[in-house]
Amino acid sequence: MSYQGGDRAEFGIIDDFDPQKDYGDSYEPERYQCIAICDDALNDWWDDIQDMRTYFHCYNRPETALARWGVTLIPPESLGQLMTVIKSKTTDEYMGDALELIELLKMAKRQGKFVIHYGV
């Protein structure tokens, strides 16, 4: 991982998604093998993910975009949109971490899995 420190967002794959679980009850980046990217990189994506379908903390809280200071569940059908935005909007400064994140998103999409995002 090329992440250098500072405020970060973390993304990981949920292997066994439980629609009854409140994922906001705990912080478990190791469980989901999360990778980190500088939270500032999300500023580059923000306008283009405002309509991306997500869930905040649990499956019964549908939302859009990311919970910058909370937990977001990103369904498999939203991963393509997120990858497109990351590829087209990430500045050179954050591209190393972004490429690692794109690989994680590709894997989750192939497997039909949800991705968890831990905000700052």
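Leaving out neighbours within four places in sequence, Trp-45 is in contact (heavy atoms within 4.5 Å) with Phe-11, Ile-37, Leu-82, Val-85, Ile-86, Lys-89, Thr-90 and Leu-101. Keep in mind that this is a predicted model, where local features need pLDDT of at least 70, side-chain atom pairs count only at pLDDT 80 or more, and totals for chains, interfaces and linings use all residues. Residues are numbered from 1 along each chain as its sequence is written, and side-chain values use heavy atoms, with hydrogens and water left out.

**The cores**
- A nonpolar core is a set of buried Ala, Val, Leu, Ile, Met, Phe, Trp, Tyr and Cys residues joined through side-chain atoms within 4.5 Å; buried means under 20% relative accessible area (1.4 Å probe, protein chains only).
- The largest one has 27 residues, and Phe-11, Trp-45 and Leu-105 have the most contacts inside it.
- Strands E1 (8-14) and E2 (35-38) give two or more residues to this core, and so do helices H1, H2 and H3.
- Among these elements, H3 gives the most, with 6 residues.
- There's also a second, separate core of 10 residues, including Tyr-32, Cys-34, Val-71 and Tyr-118.

**Helix H2**
- Helices (H or I, at least four residues) and strands (E, at least two) are DSSP runs, numbered from the N terminus.
- In H2 (residues 79-89), the buried residues are Leu-79, Gly-80, Leu-82, Met-83, Val-85 and Ile-86.
- They pack against helices H1 (41-45) and H3 (95-111), plus strands E5 (71-74) and E6 (114-118).

Notes: Buried means under 20% relative accessible area, exposed over 50%, partly exposed in between (1.4 Å probe, protein chains only).
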